[in-house]
Amino acid sequence: VISSLPVLLPTKDLLLEYNKIIKPLFECIDTNIKEIQALTSLRDTLLPKLMSGEIRVPYDANTNEVSS
């Protein structure tokens with residue numbers, strides 16, 4: 001039954017236009033995935049040290065800001 005269904009194939013020009021639109025989106029997705037992985041690794045490294053008190057973050061209660 002499936003083999004008897006008609007299939008529309010896009011033209012080469014349509015495929016090129018689609019690729020021009022979609023390629024930057026996939027590049028953005030790839031960049032976001034890499035950033036998420038880096039941030040996850042940083043979180044996994046810092047969180048135990050923060051929780052144990054091994055490292056501290058200076059905090060100014062008057063301004064509600066982290067001091068540098």
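In this predicted model, the side chains of Asp44 and Arg43 come together in a salt bridge, with N and O 2.9 Å apart. Both partners are partly exposed: the relative accessible area of Asp44 is 43%, and that of Arg43 is 47%. Side chains of opposite charge can pair when their charged atoms come close.

The pair is one of three salt bridges found in a search of the whole structure. Another joins Lys34 to Asp30, at an N to O distance of 3.2 Å. These two residues lie four apart in helix H1, so about one helical turn separates them. Lys34 counts as exposed, at 52% relative accessibility, while Asp30 is partly exposed at 38%. Lys20 and Glu17 form a further salt bridge, their closest N and O atoms lying 3.6 Å apart. Here the spacing is three residues in H1, again about one helical turn. Lys20 is exposed, with a relative accessible area of 58%, and Glu17 is partly exposed, with 39%.

Helix H1 itself covers residues 12-52.

Just after H1 comes Gly53, which takes a positive phi of about 85°. Gly53 sits in the loop between H1 and S1 and is partly exposed, at 39% relative accessibility. From Gly53 to Gln37 is 16 residues in sequence and 25 Å in space, C-alpha to C-alpha. The loop between H1 and strand S1 (59-60) also holds Val57, a partly exposed residue with a relative accessible area of 47%.

Val57 belongs to a nonpolar surface patch of about 700 Å², together with Leu39, Leu42, Leu46, Leu50, Ile55, Tyr59 and Val66. H1 is the element that gives the most to this patch, contributing four residues.

As for confidence, the protein has an average pLDDT of 93, and 99% of the residues score at least 70. Where pLDDT is low, the predicted coordinates should not be read in detail.

Methods
Residues numbered from 1 in each chain as written. Predicted model: local features only at pLDDT ≥ 70, side-chain atom pairs only at ≥ 80, totals over all residues. Heavy atoms only, no water. Patch = residues over 30% accessible without salt bridge, like charges linked within 9 Å, V, L, I, M, F, W, Y side chains within 5 Å. Areas by Shrake-Rupley, 256 points an atom, 1.4 Å probe, with all protein chains shown as cover. Salt bridge = Lys/Arg side-chain N within 4 Å of Asp/Glu carboxyl O. Buried < 20%, exposed > 50% of the residue type's maximum accessible area, 1.4 Å probe, protein only. pLDDT = per-residue confidence, 0-100.
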